[in-house]
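Cover the strands, the core, the surface and the charged pairs.

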Amino acid sequence: YVLTGEGDEYPGIMGGDIYFRIMIAPHKTFKRKGADLFMERTITLKEALIGLQIEIPHFNNKKFTIVSLPNEVISNDQTKTLKGLGMPFYQDSMGSGNLHINFKVKFPQRGELTKNHFEQLKNILPGPKHEAVQKGEKVEYLDDFEEEDLNT
């Protein structure tokens, strides 16, 4: 940004220009693109499947309570929008951009669910029915990924 002719003046010498360089530090919660704000929020699998009610801190020190629609499932990496909760538009104090929230769904870790939980989920969740592996049947089991398993 330049303020032309606003620098120091001396008799017989025109005022110089003042140059500003504005560097915006990254915010810990929000990223900005124009008047829109973007944020990422981690939610549990339970919240993703049966509904969520979370409090969102806003840049203006207000907090907003956000709820999902009844019977709405939120997928991992899905983005939802809150209209009008972004930054004010330049030279338009009546309007604001939007707040976009990208949801990351945290799945249960190994050992957090019991055998009973798995049986209940098999009966509740849609999807293909799997037959139990028969003794002696040849199958391949998945292993956890490890960097040392790479062959590159």
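The report below goes through these topics in turn.

## Basis of the report

The model is predicted: local features need pLDDT of at least 70, side-chain atom pairs count only at pLDDT 80 or more, and totals for chains, interfaces and linings use all residues. Residues are numbered from 1 along each chain as its sequence is written, and side-chain values use heavy atoms, with hydrogens and water left out.

Helices (H or I, at least four residues) and strands (E, at least two) are DSSP runs, numbered from the N terminus. Strand 10 covers residues 99-106, and six of its eight residues are buried. Buried means under 20% relative accessible area, exposed means over 50%, and partly exposed lies in between (1.4 Å probe, protein chains only).

Two strands count as paired if DSSP finds at least two bridges between them. Strand 10 pairs with strand 4 (residues 36-44) in the parallel sense over eight bridges. Strand 7 (residues 78-82) is joined to strand 10 by five bridges, and these two run antiparallel. His-100 of strand 10 is the bridge partner of Phe-38 and also of Thr-81.

## Nonpolar core

A nonpolar core is a set of buried Ala, Val, Leu, Ile, Met, Phe, Trp, Tyr and Cys residues joined through side-chain atoms within 4.5 Å. The largest one has 16 residues, of which Ile-43, Ile-56, Leu-99 and Phe-103 touch the most other members. Strand 4, strand 5 (53-57) and strand 10 are the elements that give two or more residues to this core. Strand 10 supplies the largest share, four residues.

Contact here means heavy atoms within 4.5 Å. Leaving out residues up to four places away in sequence, Ile-43 touches Ala-48, Leu-52, Ile-74, Phe-103, Lys-104, Val-105 and Lys-106.

## Gly-95

Gly-95 lies in strand 9 (residues 92-96) and is buried, with a relative accessible area of 14%. Residues up to four places away in sequence aside, Gly-95 touches Pro-88 and Phe-89. Gly-84 is 11 residues from Gly-95 in sequence and 7.2 Å from it in space, C-alpha to C-alpha.

## Nonpolar surface patch

Patches are made of residues with over 30% relative accessible area and no salt bridge; like charges are joined within 9 Å, and nonpolar side chains (Val, Leu, Ile, Met, Phe, Trp, Tyr) within 5 Å. One nonpolar patch consists of Leu-49, Ile-50, Val-73, Phe-118, Leu-121, Ile-124 and Leu-125, with about 650 Å² of accessible area together. Helix 1 (45-50) and helix 2 (115-124) are the elements that give two or more residues to this patch. Helix 2 gives the most, with three residues. Leu-49, in helix 1, is partly exposed at a relative accessible area of 36%. Accessible areas come from the Shrake-Rupley method with a 1.4 Å probe, and for residues only the protein chains shown count as cover.

## Salt bridges

A salt bridge is a side-chain nitrogen of Lys or Arg within 4 Å of a carboxyl oxygen of Asp or Glu. The count comes to six by this rule. Lys-80 and Glu-72 form one of them, with the closest N and O atoms 2.5 Å apart. Lys-80 is partly exposed at 29% relative accessibility, whereas Glu-72 is buried at 15%.

Asp-77 and Lys-104 also meet in a salt bridge (2.5 Å, N to O). Asp-77 lies in the loop between strand 6 (63-67) and strand 7, and Lys-104 in strand 10, so the pair ties together parts that are 27 residues apart in sequence.
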